[in-house]
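Student: I would like to go through this model with you. Please show it before we start.

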Amino acid sequence: MQSELINNYGGAFEENLLLEIQQYGRIKKVQPGDFLIDFGQTISAMPLLFSGAVKVLREDDNGDELLLYFLEKGDTCAMTFSCCMGQSKSEIRAVAETEAELLMIPIAQMELWMQKYKSWRAFVLNSYHSRMTELLETVDSLAFMKMDERLLKYLIDKSKVNKNSVVRSTHHEIAQDLNSSRVVISRLLKKLENKGKIAQQRNYIKLLDV
DNA sequence: ACATTAAGTGATT
DNA sequence: AATCACTTAATGT
């Protein structure tokens with residue numbers, strides 16, 4: 001764990017903090033599709049991603065999903081911070097996108113470290129900021145209803161976190177993540193295919209010139 | 001061969 | 001862009 005810690009966060013944290021992280025954190029491995037946290041659940045720990053990817057989504061009253069963003073190695077869950085500012089119930093659902101390794105840190109510690117370690121505070125604020133930026137991008141694409149751009153961004157993000165230019169999802173699954181309908185996605189994908197941006201078969205979408 | 005699930009299409013709102 | 005209704009194609013048993 002020492003080496004993984006240094007690999008992923010090493011440069012950023014001071015010695016003592018690294019030691020404390022090792023002392024209090026515990027490793028958790030998850031498989032694709034595993035739920036890390038669900039709506040209304042109490043957040044008891046803050047995850048640091050070592051490897052793999054996690055997708056973070058929100059759900060509306062009808063149970064329709066909407067993907068907010070992906071977390072990759074070196075990222076942490078921004079929603080964990082809001083629990084330190086009062087409420088402790090999760091507003092989101094986090095699902096493992098790929099096989100992933102996480103280091104779980106009790107929230108009591110992370111609060112303490114906020115004051116104790118400058119590098120920790122910087123790290124937390126920094127990742128909060130990048131989450132916020134990603135979220136804004138999502139909001140932008142939503143507000144302007146550019147479904148085709150959302151779709152392309154989704155495919156690129158997804159292939160990035162999976163480290164594979166082939167995305168193995170059904171049109172239906174994509175539609176769920178984007179909170180759209182299968183038919184619309186099928187048509188947009190067809191367009192992308194005609195433009196030579198992707199190649200697709202059943203359960204298979206390959207990104208070409210990206 | 002048959003049932004099931006994924007993807008394509010035209011018409012309509 | 002979303003929904004409906006229907007077709008066609010791929011896959012599993």
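Student: How does the surface near DNA strand C divide by class into nonpolar, polar and charged residues?

Tutor: This is a predicted model, in which local features need pLDDT of at least 70, side-chain atom pairs count only at pLDDT 80 or more, and totals for chains, interfaces and linings use all residues. Residues are numbered from 1 along each chain as its sequence is written, while chains are lettered from A and ligands numbered from 1 in the order in which they are written. A residue is near a strand if its C-beta atom, placed from the backbone, lies within 6 Å of it; around DNA strand C these include Met145, Asp148, Ser180 and Arg202. With Ala, Val, Leu, Ile, Met, Phe, Trp, Tyr, Cys and Pro as nonpolar, Asp, Glu, Lys and Arg as charged, and the others, Gly among them, as polar, the surface has four nonpolar, two polar and two charged residues.

Student: Which helix gives the most to the surface near DNA strand B?

Tutor: Helices are DSSP runs (H or I, at least four residues), numbered from the N terminus. Helix 7 (171-177) and helix 8 (182-194) each supply at least two residues there. With five residues, the most is given by helix 8.

Student: How far apart are the C-alpha centres of domain 1 and domain 2?

Tutor: An automatic or database domain assignment sets the bounds, giving domain 1 (2-142) and domain 2 (146-207) in chain A. Their C-alpha centres lie apart by 26 Å.

Student: How many residues of domain 2 are in contact with domain 1?

Tutor: Contact means C-beta atoms, placed from the backbone, within 7 Å. Domain 1 contributes 10 residues, and the number from domain 2 is 11.

Definitions and conventions. Contact = placed C-beta atoms within 7 Å.
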